[in-house]
Amino acid sequence: MSDATEHGTVLHASDLVAGYGEVEALRGVSMELRAGEMLAIVGPNGAGKSTLLKVIGGTLARTRGTVELFGRPLDSYDRRALARLVATVAQENNIAFQFSVLEVVLMGRAPHLGAFHFETPHDLKIAHSALEHFDLLALARRPIQELSGGERKRVFLARALAQDAKLALLDEPTAFLDMKHVADIFSRFRDLCIRRGMAVIATLHDLNAAALYADRVLLMKDGVAIACGSPESVLTAENLRNVYDTEVYVGRNPASGALIILPAAPRA
Amino acid sequence: MSAAVDIDRGRDAALDAFEGAYLTRGRMILWLLILTAALMVSLIVASAFGSVRINLIRAFADSSSADHAIFFGARFPRVLMGAIVGAVLAAVGGALQALVRNPLAEGGILGISGGAALGAIIALVLLSRSPASDAIVPIVAFGSALAATVAVYRLALIEGRLEPFTLLLIGVIFNAFWGAAIMLVNSVVNFYYAHSILFWLMGSLEAPTYREVAIVSFFAAIGFIVLMTRARDMNLLSLGDEAAAEMGVEVEQLRRIIFFATSIMIGAAVSVSGIISFVGLIVPHVLRLALGADHRLLLPASLIGGAAFMVVADLIARTVIAPAELPVGAITALCGGPFFIYMLRREGRRPFSL
């Protein structure tokens, strides 16, 4: 482990520019992340949130800027080494054949296993624990294609958990999920942050979830970072009005004191 | 965490509950043994029966008997070749399906066998009966299979997405194109070639020599061993290119390896047997339903199951209108056509957005 890891810096990215063909989706974003931190990326559609995740995860080439993961340049990792450190859950998760839920979660162990190694009891225990945490044990034997969208999302989150990585990149992890599972998933990842020092970056449309669960929020628009900091400092009515171009009410939950964000545009 | 604490809780009962829901070494060995037994039975039965009735005891006891000559000189090498060709086609089908993430893919349907056939025919005609032709033809067939594979794959890839129906249509067009090119070659060669090309194109296993069997087995073995080293990566590829890359797979490298290995295998098979369709479709599909989708088991199971399937199909081809015989490709196409339509309609109900 390098010094940077000991000091807790997981990610250091500066001046990232990337896009698809002619379109620049990301136009100079810099960010840092420390071990144990949960960062939410919020912003309107097309702000560059998913693009940022892909650049950090190494699946989309950047045209400018640098990314350092755990004190080493991103480009110095080979794919397998990277997969042992970074687990990604995409927005959409499809799978071509009839794998069982358990098989998909066990795929998370692949970066840790040789080409001819079968999963050991240790790997199965990890998969079991991942399934248990996302309330999936009863579904373990079911073909993944028979599951609902929300159940399938949880399977892929469990797979990321089984990957046993130090950084999780979650693109809209709570889309399709009901309230209970949203709460479960965030408390699960928070727990991992606190106890295992995992770092999490999640893109979110749900601003209330970002306010409630994230340590820091990165607010993006048109490929640039508008603000970054504590939820209270970033998720202000003024910032949100500017970024989303609509009226927003920001208040407090009278019971818990947590931030509450509501759309406040008048009814025509 | 506490990973340890967390994981220790009630694990044994739970691991028992997982039994059969994932691939273990024991389950893999068991299934491969069962399939091998089925293959052995099919080999024995197919060698014993044919258009001419022979006495098996005399075939083994008396090496100067006609029974011996028929059994070891004609029937057994043919049955063996059938097994190898079936093994190759089914294993390649399984690997191509992983490559394009689509259970409808197969060497014949995608137009890869057709490309290999064109190359093989040109090589056959040019080399005529030169002594090295039986080793060179498979290599030329491999080269043309590879070119066809890469062409079909690249043309079907639109903005980085592989739409299943685009892929199948490209395959249809390639097959029409190869067919026309083969007819062109066929019309300029003499009658002797023309007849044998036509019969061979339908997929036949007529009278191979042991040398040919050995050459095809050699290429098949190389290709298959290479594929097996990537079986787990093929599982991850089912998640999509991007997800597979995030799970540690060098996707572009994996793709090239599958292109090469499957092309070597198809080239070898086509150079001796012509185009035998649908084996690569039916066998992996049925085995996937029975054994699960894990390619570490699916590929070797398809290899053995495909061998058994082809041996039986060839037995039918040899005996159903005896003493005349059908090309074995006609038997597989008669079974495979309806099966393909059934699968197409079934798959069509499910969106395959990948």
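A crossing of two helices is left-handed if the near helix is turned anticlockwise from the far one by less than a right angle, and right-handed if clockwise. The model is predicted: local features need pLDDT of at least 70, side-chain atom pairs count only at pLDDT 80 or more, and totals for chains, interfaces and linings use all residues. Residues are numbered from 1 along each chain as its sequence is written, while chains are lettered from A and ligands numbered from 1 in the order in which they are written.

**Exercise 1.** Describe how helix H7 (residues 133-156) of chain B packs with helix H13 (residues 251-273) of chain B.

Solution. Helices (H or I, at least four residues) and strands (E, at least two) are DSSP runs, numbered from the N terminus.
- Step 1: the two helices pack at an angle of about 130°, with their axes 7 Å apart; axes are lines fitted to C-alpha atoms, for helices over the stretch in contact, and angles run from 0 to 180 degrees between N-to-C directions.
- Step 2: H7(B) is therefore oblique to H13(B). Angles under 35 degrees count as roughly parallel, over 145 as roughly antiparallel, 65 to 115 as roughly perpendicular and the rest as oblique.
- Step 3: the crossing of H7(B) past H13(B) is right-handed.
- Step 4: residues making the contact include Phe142(B) and Leu146(B) of H7(B), and Phe260(B) and Ile264(B) of H13(B). Contact requires C-beta atoms, placed from the backbone, to lie within 7 Å.
- Step 5: the contact residues divide into 13 nonpolar, 5 polar and no charged. Ala, Val, Leu, Ile, Met, Phe, Trp, Tyr, Cys and Pro count as nonpolar, Asp, Glu, Lys and Arg as charged, and the others, Gly among them, as polar.

**Exercise 2.** Work out the strand order and the edges of the 4-stranded open sheet in chain A.

Solution. 
- Step 1: the order is S2-S1-S4-S5 (chain A), with antiparallel pairing. Two strands pair if DSSP finds at least two bridges between them.
- Step 2: strand S2 (23-34) and strand S5 (72-73) of chain A are the edges; each has a single partner strand, so one side of each lacks a neighbour in the sheet.
- Step 3: strand S4 (residues 64-69) of chain A pairs with S5(A) over 2 bridges, and Glu68(A) stands opposite Pro73(A).
- Step 4: helix H2 (residues 49-57) of chain A packs on the sheet, touching strand S1 (9-20), S2 and S4 of chain A.

**Exercise 3.** Which elements give two or more residues to the side of chain A that touches chain B?

Solution. 
- Step 1: 34 residues of chain A are in contact with 34 residues of chain B.
- Step 2: the elements are helix H3 (79-85), helix H4 (101-107), helix H5 (121-133) and helix H7 (179-196) of chain A.
- Step 3: H5(A) gives the most, with 6 residues.
- Step 4: this side of chain A divides into 18 nonpolar, 8 polar and 8 charged residues.

Key:
Contact = placed C-beta atoms within 7 Å.
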